[in-house]
Amino acid sequence: MTPRPALHLCILAALGLLGPPAHAQRPVSQIGVLDPIGTWNCLIYQEGVQDDEALLLRITEAGFAEVADDLQAEWLPISRWRIRDETLSFTDERTRRRFRAGLRGTTLAGLWRGDGNGEWWCSPLAVTDATTVRASLSDEYEGYFPLPKPALMVAPRYPLQAIRKALEGVVVVCFKVDAFGHIREPRIVELSDPIFRDPTLDALLRSRYAEWPAGRERPPRPGCRTYRYELTQVFD
Amino acid sequence: MVRLLLFSLLLLPMEWAWAQADNRTIIGSGNEYLVAGANAIRAGDFDNGIRLTRRGLDEFLPSPKDRAAALCNLCAAFNGVREPQKALEYCNESLALNTRNWRTYSNRAAAYTILGMYSEAVFDLDSAATLNPDAKAVLKLREIINELSLDARVIMEDHQQ
């Protein structure tokens with residue numbers, strides 16, 4: 001169906017549902033309906049795939065969804081967008097992924113389907129030039145980029161006492177990664193049982209990420225790692 | 001290490017353990033072979049324990065309850081000499097006479113554990129725990145079975161905050 005963004009926007013505006021445009025950095029209106037028009041810094045998660053994808057997304061008033069995924073790239077229209085039942089939808093014609101996002105949330109986020117499926121989540125940006133966006137991201141928005149690729153993932157030892165007691169658990173640790181790939185400032189944000197604390201931190205601090213490309217000053221990147229301690233019966 | 005722990009878990013019916021310390025006990029009185037056999041097994045002298053207990057069973061006519069206890073001792077002793085099949089036979093025979101002795105279930109669980117039959121061992125441990133939930137020997141054997149039968153793995157996943 002051909003999107004009619006202007007009409008939708010007019011209706012929303014007439015109903016007083018639209019907040020100010022995104023370039024005013026206020027994507028959420030007073031009554032909670034999100035105005036998607038603007039530039040967004042997005043992360044795309046795919047089920048079963050460890051690495052996330054970073055994407056710059058622009059929803060234009062002219063009715064196009066555009067992306068810029070390269071430092072020097074121009075905005076590339078990927079499809080027209082539409083809003084129905086307070087849900088934004090568009091398709092990335094390059095990957096055949098169909099994106100949907102409810103506009104009742106606090107930011108632009110939703111599900112996608114195509115060759116695989118997953119979720120996507122965006123934070124608003126105030127700029128519209130891709131190069132400028134990338135430059136601005138090096139500071140305050142650096143954290144939304146995917147972590148560097150792990151260079152060495154050390155698996156923790158499963159505590160023997162936990163095995164004897166048939167104890168499973170989950171530990172989530174968040175940390176920063178410096179430009180050399182070293183893990184800094186780990187802090188445990190979820191710990192199902194204290195027995196898993198030491199082996200988790202021990203393994204994490206012996207892990208490494210790939211170094212970042214040199215060339216300019218790089219602040220640490222935040223990230224998290226979840227450890228799931230699982231037991232399965234080997235008999236029957 | 002696990003083998004050592006299994007040996008340390010050989011369980012004798014409490015009646016026989018008390019027989020020496022408390023002369024007032026009726027069970028086992030008049031059948032010194034059974035008492036001596038129980039003590040030998042407790043001391044780790046399994047061969048003599050088996051010989052004495054068998055003689056006590058053959059030459060005297062113990063009550064069904066005493067017989068069940070003696071058979072439970074033989075089950076423990078054959079676990080000690082690493083003959084779990086024979087241990088199973090004696091435990092089964094003992095349970096046919098007395099189904100309320102948690103030690104017999106626990107000894108049979110130990111035999112199953114030696115044989116690698118962990119699901120059967122867990123089933124018997126549950127029975128033992130039902131009869132005596134606080135038995136430390138049952139808890140310890142369950143830990144050993146967990147260590148032998150559980151496959152441990154840690155799944156790691158990176159993500160944003």
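Predicted model: local features only at pLDDT ≥ 70, side-chain atom pairs only at ≥ 80, totals over all residues.
1. Strand β2(A) covers residues 53-59 and strand β3(A) covers residues 64-68. The two run antiparallel, and four bridges join them. Leu57(A) is found opposite Val67(A) of β3(A).

2. Look next at the turn of that hairpin. Four residues lie between β2(A) and β3(A). Which residue takes a positive phi there? It is Gly63(A), with a phi near 100°.

3. Strand β3(A) also pairs with β4(A), residues 76-80. The sense is again antiparallel, with four bridges. Val67(A) has Leu76(A) as its bridge partner in β4(A).

4. Now turn to the contact between the chains. On the chain A side, 29 residues take part; on the chain B side, 18 do. Two elements of chain A, α3 (160-164) and β14 (221-233), each supply at least two residues of the side that touches chain B. Strand β14(A) gives the largest share, twelve residues.

5. What is the make-up of the chain A side, by class? It has 17 nonpolar, five polar and seven charged residues.

6. Strand pairing crosses between the chains. Strand β14(A) is joined to β1(B), residues 150-159, by ten bridges. These two strands run antiparallel. To find the pairing on screen, take Tyr229(A): its bridge partner in β1(B) is Val154(B).

7. Helix α7(B) spans residues 102-115 and helix α9(B) spans residues 136-149. Their axes come within 11 Å and cross at roughly 15°. Because angles under 35 degrees count as roughly parallel, α7(B) is roughly parallel to α9(B). The crossing is left-handed.

8. Which residues of the two helices meet? From α7(B) come Ser106(B), Ala109(B), Ala110(B) and Thr113(B). They meet Ala137(B), Val138(B), Leu141(B), Ile144(B), Ile145(B) and Leu148(B) of α9(B). By class, this contact has eight nonpolar residues, two polar ones and no charged ones.

Key: Residues numbered from 1 in each chain as written. Chains lettered and ligands numbered in written order. Axes fitted to C-alpha atoms, helices over the stretch in contact; angles between N-to-C directions. Parallel < 35°, antiparallel > 145°, perpendicular 65-115°, else oblique. Left-handed = near helix turned anticlockwise from the far one by under 90°. Contact = placed C-beta atoms within 7 Å. Nonpolar A, V, L, I, M, F, W, Y, C, P; charged D, E, K, R; others polar. Pairing = 2+ DSSP bridges.
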